[in-house]
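Trainee: I have a model open and want to learn to read it. Where do we begin?
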Amino acid sequence: MIKQLTIIGVGLIGGSLARALRKAGAVGEIVGTGRNVAHLQQAQELGVIDRYTTGLTKAVQGADMVFLAVPVGAMERYCVQSRRNCRPRRCSLTPVPPRAA
């Protein structure tokens, strides 16, 4: 079981992933992060995430797994920043491929 899952980019893909893992009982707490506070608040109200922050460092602290559901052009930047702030050797960073056009 994933104790804390952080999703960077709680949109269609990130939100769907969060819901599926929660429904399967595979995750404890889901932390969301992104740039748009209104979208993060809505995701929390809908039960997609348990809590949110706009700060990446705070979002990945304590995470067992981090899903990167961001545009391909931003993937490297978020990967590097997440890796610096995750627990060493205890956190998996997983990029989620963008949907096909």
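This is a predicted model: local features need pLDDT of at least 70, side-chain atom pairs count only at pLDDT 80 or more; totals for chains, interfaces and linings use all residues.

Trainee: How many residues line the largest pocket, and which lie nearest its centre?

Mentor: The lining has 33 residues. Nearest the centre are Ile-8, Gly-9, Val-10, Gly-11 and Ala-69.

Trainee: Which helices supply at least two residues of that lining?

Mentor: Helices H1 (12–23), H2 (37–45) and H4 (72–85) each do. H1 gives the largest share, with six residues.

Trainee: How do the lining residues divide into nonpolar, polar and charged?

Mentor: The lining of the largest pocket has 17 nonpolar residues, 12 polar and four charged.

Trainee: Now the sheet. What is the order of the strands?

Mentor: The general idea goes ahead of the case. Strands of a sheet pair through backbone hydrogen bonds, either parallel or antiparallel. In this model, five strands form an open sheet in the order E3-E2-E1-E4-E5, and the pairing is parallel.

Trainee: Which strands stand at the edges?

Mentor: E3 (51–53) and E5 (92–95). Each has a single partner strand, so one side of each is left without a neighbour in the sheet. From one strand to the next, the twist averages 25 degrees.

Trainee: Which helices pack on the sheet?

Mentor: H2 packs on the sheet and touches E2 (27–33) and E3. The direction of H2 makes about 170 degrees with that of E3. H4 also packs on the sheet, touching E1, E4 and E5. Between the directions of H4 and E4 the angle is about 165 degrees.

Trainee: How many bridges join E1 to E4?

Mentor: Four bridges join E1 (residues 2–8) to E4 (residues 65–68), and the two strands run parallel. Within E4, Leu-5 has Met-65 as its bridge partner, and Thr-6 has Val-66.

Trainee: What joins E4 to E5?

Mentor: Four bridges, with the strands running parallel.

Trainee: Last topic, charged pairs. How many salt bridges does the structure hold?

Mentor: Two. One of them pairs Asp-50 with Arg-22, with 3.3 Å between the closest N and O atoms.

Key: Residues are numbered from 1 along each chain as its sequence is written. Side-chain values use heavy atoms; hydrogens and water are left out. On a 1 Å grid over the protein atoms alone, a cavity is a set of points where a 1.4 Å probe fits but cannot get out, and a pocket is an open set with protein on both sides within 12 Å along at least five of seven lines; lining residues have an atom within 4 Å of a point. Ala, Val, Leu, Ile, Met, Phe, Trp, Tyr, Cys and Pro count as nonpolar, Asp, Glu, Lys and Arg as charged, and the others, Gly among them, as polar. Two strands pair if DSSP finds at least two bridges between them. Axes are lines fitted to C-alpha atoms, for helices over the stretch in contact, and angles run from 0 to 180 degrees between N-to-C directions. Contact means heavy atoms within 4.5 Å. A salt bridge is a side-chain nitrogen of Lys or Arg within 4 Å of a carboxyl oxygen of Asp or Glu.
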